[in-house]
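Please consult the sequence and the structure shown here alongside the text.

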Amino acid sequence: MKKLLTLLFCMAASLTTMAENDHTPRTIVVQPGENLHDALRQAREWRRTQDACCQGGITIRIKAGRYRMQDPLFLRPEDSGTADSPIIIVGEEGAVICGDSRQQHTQVWPKEGMERILAFDTKTRTITIPAFDSLWVPPPHLEMVVHQRWAIAILRVKEMKQKDGKIVVSFMEPESRLEFEHPWPQPVIDGERGNSSFQLRTTEQRDGIEQLVIVDGANHISFQGLTFEHTCWNRPLHKGHVTLQGGFPLIDAYKLAVPGLPWDRDLENQAWIERPVSAVTIRNAENVMVSKCRFQHLAATALDLQDNTRHCSVVNNHFEDIGGTAIMAGSFAESPREVHRPYDDLAGRCQDIDISGNEIHDATNEDWGTVAISCGYVSDTRIMHNTVSHVNYSGICVGWGWTPCHTGMERNRIDKNKVSDYARQLYDAGGIYTLSNQPGSTISDNDISQPYPAPYATNNRGFCIYLDAHTDGFTIENNQTEGRLIRRDEIGDNHPGPSLIFKQ
């Protein structure tokens, strides 16, 4: 009996110890009609008070339904989890975080397609177009969309005047100044077919919510199984949209009176840019994962991993009907920096990013100059096993800076992706497109179609792989197009560096 009592006492003590140490992760369930901000605040308070339930992590489980956002869900440093106790925001099937429907465009004269510009005058800051039916009266809130090789400009029309049987168009500020002062890109009227085409359209004049989620300074966060849809893009309504490249709006730009700077003797353009707005924004964060989510019907960038992001993953997501870039990552030397300097401190702030297994279809349909996957100053970034189709410019872009100098961009892998149906509207493009010196990087085992036969891109400046502006440091091997290996003489070059390795 004594032995039995001793055994029972030991078992009870053991069970008590297990109960004290077994902290089951706490789950917050959000039902349709409830507030996502309140759920996040509850998790934050558990962290703040060091509630024992946090030891195993906190899950915010969002039930099926539509959760209309009036302002973005904002995750701050105080919302951070840890490696052993993450914050997991998971959606059950049918859980949708949404904003407003996108602005609608109605194309007016010419009725279909694009028409050629007759003159582009940088002194008077006007564009001359063919005359139209005298009975046609320009509607209010009129925009001109201009085809500019690797970008478009969206210019709000200020005035249209008849002159010599033609129409002279002037534009609102600030886009008028930016369009006519900055030399690249601009329309080239003579000698380059397919450029300097335009269309006129009206746009529904209203603002709507642009951002659904912002992670700023919060670490160890996971988003799983959610749908993000319906955001607006308000910038063109108020400022027009004149870009440098990749959809990055210019906020100041001009041509140097005397070309050349110490790091580039041929440089003539100066440009300061800002980041395009994004539906889901992650910055100043580590160990953030976005997996098995759906991004759709979004007017600008879908998902953006901005400056100072490390050890983050974007895996097995689906992107469709995206107005801008589907996945963006890394710094692009946004203002206050001038973008053409060879910065060496940015890539180290954006490293170890995994972009894998994503499906991207029908992106870049508002701003044709954006891309499916766009990475700027990054290092140790893996872009692998993604499927990209139906985009108007390049498919996968890695690099920034237009420089042969060492910038810290290194060991980036662009491997085993499938890219098709790209360069649908613009050119100077690549299924895979790179910039600048990136030692130890690879472009391998990709399946890339030939560029789409775009209706306006007729100067053959589209390539399966385009090594633009001082690309260097890559090993390129075993990439295919149409069932055969891509030859070295089929790869687009623009002053490539001496350390490229091509293996057949």
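The chain contains 0 disulfides, a disulfide being a pair of cysteine sulfur atoms within 2.5 Å. Cys-98 takes part in none, and the nearest cysteine sulfur, that of Cys-232, is 12 Å away. Cys-397 is likewise in no disulfide; the sulfur of Cys-375, the nearest of another cysteine, is 9.1 Å away. Cys-98 is buried, with a relative accessible area of 3%, and Cys-397 is buried at 9%. Here buried means under 20% relative accessible area, exposed means over 50%, and partly exposed lies in between (1.4 Å probe, protein chains only).

The model is predicted: local features need pLDDT of at least 70 and side-chain atom pairs count only at pLDDT 80 or more, whereas totals for chains, interfaces and linings use all residues. Residues are numbered from 1 along each chain as its sequence is written, and side-chain values use heavy atoms, with hydrogens and water left out.

**Core and overall form**

The largest nonpolar core has 137 residues. Such a core is a set of buried Ala, Val, Leu, Ile, Met, Phe, Trp, Tyr and Cys residues joined through side-chain atoms within 4.5 Å. Those with the most contacts inside this core are Leu-75, Ile-127, Met-144, Phe-223, Phe-295 and Trp-400. Strand β39 (residues 462-477) gives the most to the core, with 8 residues. In soluble globular proteins, nonpolar side chains tend to be buried together.

Leu-75 illustrates the packing. Leaving aside residues up to four places away in sequence, Leu-75 touches Leu-40, Ile-89, Val-213, Ile-214, Val-215, Asp-216, Ala-218, Ile-221 and Phe-223, where a contact means heavy atoms within 4.5 Å.

The chain has 4 helices and 43 strands; helices (H or I, at least four residues) and strands (E, at least two) are DSSP runs, numbered from the N terminus. Its radius of gyration is 26 Å, close to the 23 Å that the globule rule gives for 504 residues, so the chain is as compact as a globular protein of that length. The radius is taken over C-alpha atoms, and the rule is 2.2 Å times the number of residues to the power 0.38. Along its principal axes the C-alpha trace spans about 115 × 55 × 45 Å. Of the 504 residues, 56% count as buried. Among contacts with a separation of 6 or more, 79% come from residues 24 or more positions apart. The accessible surface comes to about 21,200 Å², of which 49% belongs to carbon and sulfur atoms; areas come from the Shrake-Rupley method with a 1.4 Å probe, and for residues only the protein chains shown count as cover.

**A buried strand residue**

Ile-355 lies in strand β29 (residues 350-356) and is buried at 1% relative accessibility. Beyond four places in sequence, its contacts include Val-314, Ile-327, Cys-375 and Met-384. The C-alpha atoms of Ile-355 and Asn-317, 38 residues apart along the chain, are separated by 9.6 Å.

**Strand pairing around β13**

Strand β13 (residues 166-171) runs antiparallel to β10 (residues 126-130), joined by 4 bridges; two strands pair if DSSP finds at least two bridges between them. Within this pairing, Pro-130 stands opposite Lys-166. Strand β12 (residues 151-163) is also antiparallel to β13, with 6 bridges, and Gln-162 has Ile-167 in β13 as its bridge partner. β12 and β13 form a hairpin with 2 residues between them, and Asp-164 in the turn has a positive phi of about 55°.

**Backbone exceptions**

Most residues other than glycine have a negative phi, and most peptide bonds are trans.

| Residues joined | Bond | Omega |
|---|---|---|
| Glu-173 and Pro-174 | cis | about 15° |
| Ser-335 and Pro-336 | cis | about 20° |

Pro-174 is in the loop between β13 and α3 (175-181), and Pro-336 lies in the loop between β28 (327-329) and β29.

Asn-316, although not a glycine, has a positive phi of about 60°. Asn-316 is in the loop between β26 (309-315) and β27 (318-322) and is partly exposed at 45% relative accessibility. Asp-321 lies in strand β27, with a positive phi near 55°, and is partly exposed at 21%.
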